[in-house]
Amino acid sequence: MATTGRRATPADPTPHLTPEDQIPARLVRSLPPELGPNAVAVLQAHTFMYSDAAGNVSVGSIGGLVHDDTRFVDRWELTLGGASLMVLSSGQENPSAAAFFLTNPELPGLPANHVGVRRQRFVDGGLHERIGLQIFTGEQVPIELRLTVGTDFADLFEIKETVRDRSAQITRAHASDGSRLVFTYRNDTFEARTVVEAHPAASRVDGDALVWDLRLAPGQEWECEVHVPLRARPEELRPPSRPFDEVFGRGATDRRAQWRAILPKLCSDNEMLHRTWEPGAMDQLATTSATRSRARSCTRSAAAS
């Protein structure tokens with residue numbers, strides 16, 4: 001549709017054309033939905049996990065767990081009583097780790113903001129997540145905690161555009177005791193696998209979801225760990241991962257404090273330099289730690305062989 005009354009400018013050289021007219025239809029494509037302005041990414045080497053502010057990845061989005069340019073998890077949704085959790089705060093602890101603090105919405109028999117949910121996540125030889133709950137009601141309440149998982153084994157470039165449907169080539173071998181979900185993709189001689197391990201085991205497996213049926217007393221705390229070990233190729237050795245307390249506990253805090261103590265002091269009237277100096281230095285700490293971790297893994301692998 002033509003427009004009138006405007007003259008051509010460097011910023012708008014074709015005022016007589018609408019945006020739809022200016023872009024050929026063959027170049028217009030529908031992108032997967034984004035994860036929101038507060039999306040959180042954690043990464044280490046060739047592995048990253050990208051989620052929304054609640055720590056979830058919805059099916060069909062651009063998020064998920066990607067390793068060596070293959071997406072091993074494309075759905076990762078935690079719900080309480082069938083409802084999505086509300087975000088109190090979330091963000092990176094360091095480049096490879098993030099924390100999410102959540103609470104419940106209004107649910108039947110459970111007022112809003114009466115369950116505190118904490119998700120701690122890091123990547124190191126795979127995805128590792130610790131989920132903690134605490135109840136703030138005056139009486140014992142039943143709670144269904146559900147983690148729904150999906151995978152499409154998409155190539156990194158597909159994620160940004162259109163993902164080929166591989167569902168017919170993906171098989172499942174989930175453990176009936178709730179300890180494990182297993183997805184396997186085979187295409188000719190190529191094979192990839194996503195394994196989701198739960199400790200303690202879920203109460204049950206419902207489709208592709210791990211479900212914990214809990215009954216917690218007032219003030220009671222409960223937690224579980226979920227791990228997705230990654231091997232892009234069968235010959236790869238699984239490197240040992242760090243424990244949660246090392247990543248999120250005192251050890252990690254002490255290392256950051258020691259690093260800050262030896263950093264050169266920056267004196268400048270340039271505000272931008274001050275804003276970027278320490279985050280850049282902390283990124284260097286994360287890179288150095290990751291390099292050392294990989295070196296330790298290679299040393300152990302060499303010794304084992």
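**Figure 1. Surface and overall make-up of the predicted model.** The accessible surface of the protein in this predicted model comes to about 17000 Å², and carbon and sulfur atoms account for 54% of that surface. The protein has 305 residues, of which 41% count as buried. Its secondary structure consists of five helices and 17 strands. Among contacts between residues at least 6 apart in sequence, 55% join residues at least 24 apart.

Figure 2. The strands follow the order 6-5-11-16-15, and their pairing is antiparallel. Strand 6 (83–84) and strand 15 stand at the edges; each has a single partner strand, so one side of each is left without a neighbour in the sheet. Within this sheet, strand 11 and strand 16 pair in the antiparallel sense over eight bridges. Leu145 stands opposite Trp212, which belongs to strand 16.

**Figure 3. A salt bridge between Asp206 and Arg146.** Side chains of opposite charge can pair when their charged atoms come close. The side chains of Asp206 and Arg146 meet in such a salt bridge, at 3.0 Å from N to O. This pair links distant parts of the chain, since Asp206 lies in strand 15 (residues 204–206) and Arg146 in strand 11 (residues 141–150), 60 residues apart. Asp206 is partly exposed, with a relative accessible area of 37%. Arg146, by contrast, has a relative accessible area of 17% and is buried, because this value falls under 20%. Both residues belong to a network of salt bridges that links Glu144, Arg146, Arg204, Asp206 and Asp213.

Figure 4. Asp208 lies in the loop between strand 15 and strand 16 (209–216), whereas Arg172 lies in strand 12 (residues 170–172), so the pair ties together parts that are 36 residues apart in sequence. Arg172 counts as partly exposed, at 47% relative accessibility. Glu129 and Arg121 are both buried.

**Figure 5. The surroundings of Val182.** Val182 lies in strand 13 (residues 180–187). This residue is buried, with a relative accessible area of 10%. When residues up to four places away in sequence are not counted, Val182 touches Thr171, Arg172, Ala173, His174, Arg193, Thr194 and Val195. The C-alpha atoms of Val182 and Thr171 are separated by 8.2 Å, and the two residues are 11 residues apart along the chain.

**Figure 6. A stacked pair of aromatic rings.** A pair of aromatic rings is described by the distance of the centres and the angle of the planes. The structure holds four aromatic pairs. In the pair of Phe153 and Tyr185, the ring centres are 5.6 Å apart and the planes stand at 20°, so the pair is stacked. Phe153 lies in the loop between strand 11 and helix 2 (156–159) and Tyr185 in strand 13, so the pair ties together parts that are 32 residues apart in sequence. Phe153 is buried, with a relative accessible area of 3%, and Tyr185 is buried with a relative accessible area of 3%. Ring pairs link Phe153 and Tyr185 with Phe72 and Phe190 into a cluster.

Key. Residues are numbered from 1 along each chain as its sequence is written. This is a predicted model: local features need pLDDT of at least 70, side-chain atom pairs count only at pLDDT 80 or more; totals for chains, interfaces and linings use all residues. Side-chain values use heavy atoms; hydrogens and water are left out. Buried means under 20% relative accessible area, exposed over 50%, partly exposed in between (1.4 Å probe, protein chains only). A salt bridge is a side-chain nitrogen of Lys or Arg within 4 Å of a carboxyl oxygen of Asp or Glu. Helices (H or I, at least four residues) and strands (E, at least two) are DSSP runs, numbered from the N terminus. Two strands pair if DSSP finds at least two bridges between them. Contact means heavy atoms within 4.5 Å. Accessible areas come from the Shrake-Rupley method with a 1.4 Å probe; for residues, only the protein chains shown count as cover. Rings of Phe, Tyr and Trp (its six-membered ring) pair if their centres lie within 6.5 Å; planes under 30 degrees apart count as stacked, over 60 as edge-to-face and the rest as tilted.
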